[in-house]
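This briefing is for a reader new to the structure.

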Amino acid sequence: LTTCASVLAIMGGANTTLTLHWWDIGAATLAWRILTFQLHFANWWHLVVGVALLYHFRQFERQWGARKYAAFLLVSTAVSSLISLG
């Protein structure tokens with residue numbers, strides 16, 4: 001039955017590239033994994049401490065401004081990512 005359906009699909013001009021590979025899925029989400037892997041916490045205690053630190057670091061945002069604080073977060077995330085990879 002599946003052979004008959006595939007023959008009919010080919011004869012009808014249907015697109016036969018309907019395969020799904022694991023690397024296609026991984027490539028689409030690679031950017032999100034790179035940007036958000038720092039938000040992964042090992043356990044609940046790390047999550048609580050991380051959220052508390054982000055909440056209290058708003059003091060820096062008030063003093064430095066939103067742009068400088070965002071740049072600080074991006075640089076510190078990039079540096080810690082490079083350290084964890086190496």
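Ser81 is buried, because its relative accessible area is 12% and the cut-off for buried is under 20%. The model is a predicted one.

**Ser81 and its surroundings**

- Helix α5, which covers residues 66-85, contains Ser81.
- A polar atom in the side chain of Ser81 lies 2.7 Å from the backbone oxygen of Thr77.
- When neighbours within four places in sequence are left aside, Ser81 is in contact with Phe37 and Gln38.

**Aromatic pairs and the cluster**

- Across the whole structure, a search finds 4 aromatic pairs.
- In the pair of Trp64 and Phe72, the ring centres are 5.3 Å apart and the planes meet at 75°, so this pair is edge-to-face; the cut-off for that class is over 60 degrees.
- One aromatic cluster is formed by Phe57, Phe60, Trp64, Tyr69 and Phe72.

**Exposure of the paired rings**

- Trp64 has a relative accessibility of 37%, and therefore counts as partly exposed.
- Phe72 has a relative accessible area of 34% and is likewise partly exposed.
- Partly exposed lies between buried, under 20%, and exposed, over 50%.

**A charge over a ring**

- Arg58 places its charged end over the ring of Tyr55.
- The distance from that charged end of Arg58 to the centre of the Tyr55 ring is 4.1 Å.

Definitions and conventions: Residues numbered from 1 in each chain as written. Predicted model: local features only at pLDDT ≥ 70, side-chain atom pairs only at ≥ 80, totals over all residues. Heavy atoms only, no water. Phe/Tyr/Trp six-rings, centres within 6.5 Å; stacked < 30°, edge-to-face > 60°. Buried < 20%, exposed > 50% of the residue type's maximum accessible area, 1.4 Å probe, protein only. Lys NZ or Arg CZ within 6 Å of the ring centre and 35° of its normal. Helix = DSSP H or I, 4+ residues; strand = E, 2+ residues; numbered from the N terminus. Polar contact = N/O pair within 3.5 Å; in protein donor to acceptor, adjacent residues only side chain to side chain. Contact = heavy atoms within 4.5 Å.
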